[in-house]
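Student: I'd like to go through this model and ask where each label comes from. Can you set the values against the definitions as we go?

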Amino acid sequence: QETNLFGGITLSPRAKQLAYLKEHEEEMADFVKSLSPKVESVQFDWDSMKVEVIGNGTPQGGGYIITLDGRINNNKDTEFTLGIPLKRNSNEVPEELVIYEMQPIRILRDGGWFLYD
């Protein structure tokens, strides 16, 4: 965060993206709940938010996507990853919320990750 000419606070692109995700927390939680009837609650790891290049086999990549990890039912042995695509560049805030399941809901059992069922 930085101060602009008029003494106001200017948010970094990351802070704006994080604020956008938090505004849409309920829709993202509903999306995760739709993946399994056993999901009662969703916890997002806001510190995990990253902007990544979408790989498509070309050097410039296929654009950018915000990824965000989380867990379900307050169980620290669960995890999932959502993706929210960006249309133009890595610093933008999405114009509309589009959610992809990047990693399915998994649970840690017997030393390995298994699909949550």
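Student: What makes S5 and S6 a strand pair?

Tutor: Strands here are DSSP runs of E with at least two residues, and helices are runs of H or I with at least four, numbered from the N terminus. Two strands pair if DSSP finds at least two bridges between them. S5 (residues 78-86) and S6 (residues 100-109) are joined by 5 bridges, so they pass the DSSP cut-off, and they run antiparallel. One of the bridges links Leu82 to Glu101 in S6.

This is a predicted model, so local features need pLDDT of at least 70 and side-chain atom pairs count only at pLDDT 80 or more, while totals for chains, interfaces and linings use all residues. Residues are numbered from 1 along each chain as its sequence is written, and side-chain values use heavy atoms, with hydrogens and water left out.

Student: How do you know that S6 also pairs with S7?

Tutor: By the bridges again: S6 and S7 (residues 112-115) share 4, in the antiparallel sense. Ile107, for instance, has Phe114 in S7 as its bridge partner. The two strands form a hairpin with 2 residues between them, and Asp110 in the turn has a positive phi of about 50°.

Student: Which residues of H2 are called buried, and what puts them on the same side?

Tutor: Buried means under 20% relative accessible area with a 1.4 Å probe and protein chains only; exposed is over 50%, and partly exposed is in between. In H2 (residues 25-33), Met28, Ala29 and Val32 are buried. They cover an arc of only 100° around the axis, which puts them on the same side of H2; the arc is that of the directions from the helix axis to the C-beta atoms. Their cover includes H1 (13-23), S3 (42-53), S4 (64-72), S5 and S6. Across the chain, buried residues make up 32% of the 117 residues.

Student: Why is something called a pocket rather than a cavity?

Tutor: On a 1 Å grid over the protein atoms alone, a cavity is a set of points where a 1.4 Å probe fits but cannot get out, whereas a pocket is an open set with protein on both sides within 12 Å along at least five of seven lines. The largest pocket holds about 160 Å³ of space. Of its 13 lining residues, the closest to the centre are Asp45, Asp69, Gly70, Arg71 and Glu79; lining residues have an atom within 4 Å of a point.

Student: Which element gives the most to that lining?

Tutor: S5, with 4 residues.

Definitions and conventions: Contact = heavy atoms within 4.5 Å. Points joined across faces, edges and corners; volume = space filled by probe spheres on them.
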